[in-house]
Amino acid sequence: MTGNPSPVHNAPEEEPFQREAVVEGISIAAAFMLIILAAVSILQGISAIADDKLYVAGIEYVYEFDTTTWGWIHVVLGALALICGVGLAIGSTWGRYGALGIAALVIIANFMSLPYYPAWSIVIIALSVVIIWAVSTWRPER
């Protein structure tokens, strides 16, 4: 016995390259989710503009708008989300912050249009929450 302690086999530390790959994957996934959200919002808006009878308003609310108005709101938010999704995909800072802002606005718009199409609005709200989580966990400066 020489008195030298035996080497302890610790798990290897995560390499910076592996962390960067995970971060890049999260950001690209968030960008594509935002682009999908944009396409769905645009289609939701077009269907509200083209056929008012698709959406049914049941209960009267304070913030009641015509379905055509909601359609235009969703089309505009979808177009802005598409632009921010492309900006996020190329890795720009404005795309990242724009994606957070647009996803929050989409949540608010779909919450307010819950009386017209509740199931679809809940799905879009959930997708927007996932986008906000994915974009906010992305730390490009590290």
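Predicted model: local features only at pLDDT ≥ 70, side-chain atom pairs only at ≥ 80, totals over all residues.
Which helix does A134 lie in? A134 lies in helix α4.

## Overall build

The protein chain holds 4 helices and 0 strands. Read from the N terminus, the order of elements is α-α-α-α. Helix α1 covers residues 16-50. Helix α2 covers residues 67-89. Helix α3 takes in residues 93-112, and helix α4 residues 118-137.

The protein chain has 142 residues, and 32% of them are buried.

## Confidence

Mean pLDDT over the protein chain is 79. A score of at least 70 is reached by 71% of the residues. Among the elements, α3 has the highest mean pLDDT, at 91. Helix α1 has the lowest, at 80.

## Packing of α2 and α3

Helices α2 and α3 pack at an angle of about 155 degrees. Their axes lie 8 Å apart. The angle is over 145 degrees, so α2 and α3 are roughly antiparallel to each other. The crossing of α2 past α3 is left-handed.

On the α2 side, the contact is made by W70, I73, H74, L77, L80, A81, I83, C84, G87 and L88. They meet W94, G95, R96, G98, A99, I102, L105, V106, A109, N110 and M112 of α3. By class, the residues of this contact are 15 nonpolar, 5 polar and 1 charged.

## Packing of α3 and α4

For α3 and α4, the packing angle is about 160 degrees, and the axes are 9 Å apart. Again the angle is over the 145-degree cut-off, so α3 and α4 are roughly antiparallel to each other. Helix α3 passes α4 in a left-handed crossing.

From α3, the contact draws on R96, A99, L100, A103, A104, V106, I107, N110 and F111. From α4, it draws on S121, I124, I125, S128, V129, I131, I132, V135 and S136. The split by class is 13 nonpolar, 4 polar and 1 charged.

Where is S113 found? S113 sits in the loop between α3 and α4. Its relative accessible area is 4%, so S113 is buried. Beyond its neighbours within four places in sequence, S113 is in contact with W70, H74 and S121.

S121 is in helix α4. Is S121 buried or exposed? S121 counts as buried because its relative accessibility is 0%.

Which residues does A134 touch, not counting residues up to four places away in sequence? A134 touches I26, A30 and M33.

A134 and A29 are 105 residues apart in sequence. In space, they are 7.9 Å apart, C-alpha to C-alpha.

## Partly exposed positions

L80 lies in helix α2. Its relative accessible area is 40%, so L80 is partly exposed. L80 and I35 are 45 residues apart in sequence, and their C-alpha atoms are 10.0 Å apart in space.

D51 belongs to the loop between α1 and α2. D51 counts as partly exposed because its relative accessibility is 40%. D51 and T68 are 17 residues apart in sequence. The C-alpha to C-alpha distance between D51 and T68 is 8.6 Å.

How values were computed
Residues numbered from 1 in each chain as written. Heavy atoms only, no water. Axes fitted to C-alpha atoms, helices over the stretch in contact; angles between N-to-C directions. Helix = DSSP H or I, 4+ residues; strand = E, 2+ residues; numbered from the N terminus. Parallel < 35°, antiparallel > 145°, perpendicular 65-115°, else oblique. Left-handed = near helix turned anticlockwise from the far one by under 90°. Contact = heavy atoms within 4.5 Å. Nonpolar A, V, L, I, M, F, W, Y, C, P; charged D, E, K, R; others polar. pLDDT = per-residue confidence, 0-100. Buried < 20%, exposed > 50% of the residue type's maximum accessible area, 1.4 Å probe, protein only.
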